[in-house]
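Open the model in your viewer and keep the selection tool at hand.

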Amino acid sequence: MALSVIALWVALWGDLTWANIASGVAVSLAVLVVSPTGTSGVRIRPLGALRFGLVFLLKLVESTFVVAWEVVTPKNRIREAIVAVPLGDLPDVVVTAAANAVSLTPGTLTLEVVRDPTVMYVHVLHLDSVEGAREAVYAMVDLACGAFGCPVPVRVDTRLAEESP
């Protein structure tokens, strides 16, 4: 794979020079580091990881403004709740990435993740609806799945999750 990346890199530049070969080696090493094919079953998808990172950064900026607005305005609009978000059987890396990203989105904080079945408990500061809060979490989990891959669908039937203890 490294040789094919180097050959593609040199072909893209159009000249067979030492500088192009050396930069091709550097690019191929970066590709191998970013997308390892180890035994963990986790494979980073570069475009999905880029999308996840960009949305994550936008949510960081948004959360800064939401918290600042909450602090400087006298009106209390807080309507907090703890929402259980049932998830499918997802890889640990996806659950971890999504839980951390959810904690940094405006007004949400991941409290706990339990397994068998996987449920993420999220504290929501401005609750409009339980389904809306779940959809926001599912959106972040979808992005994490795009970055790391998921073998099963993310969304589960919430009616079944609400019936379980």
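Select Asp116 first: this residue lies in the loop between S2 and S3. Helices (H or I, at least four residues) and strands (E, at least two) are DSSP runs, numbered from the N terminus. This is a predicted model, in which local features need pLDDT of at least 70, side-chain atom pairs count only at pLDDT 80 or more, and totals for chains, interfaces and linings use all residues. Residues are numbered from 1 along each chain as its sequence is written, and side-chain values use heavy atoms, with hydrogens and water left out.

Stay on Asp116. Its phi is positive, about 60°, although Asp116 is not a glycine. A cis peptide bond joins Asp116 to Pro117, with omega about -5°. Most residues other than glycine have a negative phi, and most peptide bonds are trans.

Next, show helix H4 (residues 92-103) with helix H5 (residues 130-148). They pack at about 135°, with axes 9 Å apart. That makes H4 oblique to H5. Axes are lines fitted to C-alpha atoms, for helices over the stretch in contact, and angles run from 0 to 180 degrees between N-to-C directions. Angles under 35 degrees count as roughly parallel, over 145 as roughly antiparallel, 65 to 115 as roughly perpendicular, and the rest as oblique.

Which residues make the contact? On H4, pick Val93, Val94, Ala97, Ala98, Ala101 and Val102; on H5, pick Val137, Met140, Val141, Ala144, Cys145 and Phe148. Contact means heavy atoms within 4.5 Å. By class, this contact has twelve nonpolar, no polar and no charged residues. Ala, Val, Leu, Ile, Met, Phe, Trp, Tyr, Cys and Pro count as nonpolar, Asp, Glu, Lys and Arg as charged, and the others, Gly among them, as polar.

Keep H5 and bring in H3. The axes of H3 and H5 come within 7 Å and cross at roughly 145°. Gly48, Ala49, Arg51, Phe52, Val55 and Lys59 in H3 meet Met140, Leu143, Ala144, Gly146 and Ala147 in H5. The contact of H3 with H5 has seven nonpolar, two polar and two charged residues.

Last stop: the lining of the largest pocket. Helix H3 (46-72), strand S3 (119-124) and H5 each supply at least two of its residues. H5 gives the most, with seven residues. By class, the lining has 14 nonpolar, six polar and three charged residues.
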